[in-house]
Amino acid sequence: MIKLGIIGTNWITQQFIDAAHATGEYKLTAVYSRTVEKAKDFGKPNGATIFSDNLDEFFANDALDAVYIASPNSLHFEQAMLGIKNDKAVIVEKPIVANIKQMEILRETLEQHPQSRLFEAARQIHQPNFKIIKNQISKLGRIQGATLTYMKYSSRYDAVLAGQEPNVFTLKFAGGALQDLGVYVAYDAVGWFGMPDDVAYYPTLAPTRVDGKGVAILRYPEFDITLNIGKTSNSYLPSEIYGLKDTIVMSNPADLETVSYHDAEGHETLISEKPADNPMISEAADFARVINDPQNEKNDRDYWKWLDLSQNVAKLLYNLRQSGKIVFPDDKK
Ligand SMILES: NC(=O)c1ccc[n+]([C@@H]2O[C@H](COP(=O)([O-])OP(=O)(O)OC[C@H]3O[C@@H](n4cnc5c(N)ncnc54)[C@H](OP(=O)(O)O)[C@@H]3O)[C@@H](O)[C@H]2O)c1
């Protein structure tokens, strides 16, 4: 049983704990929060017995095998570093880092701590439908491009409009649309098509100077991919991948709930599987497989494949942000 610690006491942490417990491979053991009282309130109903408001003590605890980090984006790097230095398996919510330099430092630190493992909780790449789409793309023939749209109004934008600065809409906490919903479509693009040759990002800034929404163009040698992302409006458009005459259509580029294949004659075939109710179960099961048996050849191959993909996504997000002239305080450190 993997003894799990968590950082972050919001709904996403609860969803990960539920997913981890559903796999039967983890036991929630410890909770870090900025106050011990909150750690107890959140942790006790989930079975935890260790509560801390001290990050150094939390990570140094021998009772922990793995730590899931769901703090504001700009804190991921420092917390992941502590996890690696304490030889834990570290599962970091997306986006794993605020900039590409941080990812390079994490990987260098991993080399000095070969017992540690580092995962980005990019849930959709672990779901069966992500692999089904990748497989279907290989049958499309000559790719003509893709349009991936993920725009969902954030309840926290109400606070921005009221003059406040919730974490996810601040430069200080490495927020904005690209660093949030943009991570999913960046994973789709890099996971399905590899790294683009060139990129451009046209952000629409929120009053807090992060990108509230934006359009990105990824240029590949023979086609382009357009990403429409936003946290300040809702879009009901499906996303599409184009062959010459055939098209793959997905209801949502992150949840991948319904995916269909439209052939040259216009016939539509459903190719997706029904996803699990909790979308984090697949990733929790995959991470457990690696943590429990890291030397297994397939586990080791998958682990490095996910880490390389994570690094490429971090690079793509950074390049897009550079193009959009969005600078985080972390970039200057
Ligand atoms: N995979 C997914 O589907 C998914 C969905 C949502 C979010 N996420 C990711 O999960 C992470 C957390 O997102 P969130 O919306 O939950 O963030 P958040 O509400 O801003 O903060 C998450 C946790 O961090 C702590 N925290 C809040 N403000 C802080 C501050 N100023 N300094 C230090 N700690 C602070 C709080 O825990 P304590 O009060 O206990 O210290 C809070 O529960 C982000 O990286 C986000 O991208 C992923």
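**Exercise 1.** How do the axes of helix α9 (residues 281–292) and α10 come together, and at what angle do they cross?

*Solution.* Before you start: this is a predicted model, where local features need pLDDT of at least 70, side-chain atom pairs count only at pLDDT 80 or more, and totals for chains, interfaces and linings use all residues. Residues are numbered from 1 along each chain as its sequence is written, and side-chain values use heavy atoms, with hydrogens and water left out.

Step 1: Step 2: look at the axes, lines fitted to C-alpha atoms over the stretch in contact, with angles from 0 to 180 degrees between N-to-C directions. The axes of α9 and α10 come within 9 Å and cross at roughly 120°. Step 3: name the arrangement. That makes α9 oblique to α10, since under 35 degrees is roughly parallel, over 145 roughly antiparallel, 65 to 115 roughly perpendicular and the rest oblique. Step 4: the crossing of α9 and α10 is left-handed, meaning the near helix is turned anticlockwise from the far one by less than a right angle (clockwise would be right-handed).

**Exercise 2.** Which residues lie nearest the centre of the largest pocket?

*Solution.* Step 1: a pocket is an open set of points on a 1 Å grid over the protein atoms alone, where a 1.4 Å probe fits, with protein on both sides within 12 Å along at least five of seven lines; lining residues have an atom within 4 Å of a point. Step 2: there are 50 lining residues, and Asn10, Trp11, Ile12, Arg156 and Asp180 lie nearest the centre. Step 3: α1 (11–23), α4 (76–85) and α8 (181–193) each give two or more residues to this lining.

**Exercise 3.** Which residue does a cis peptide bond join to lysine 94?

*Solution.* Step 1: the partner is proline 95, with omega about -5°. Step 2: proline 95 sits in the loop between β5 (89–93) and α5 (100–112).

How values were computed:
Helix = DSSP H or I, 4+ residues; strand = E, 2+ residues; numbered from the N terminus.
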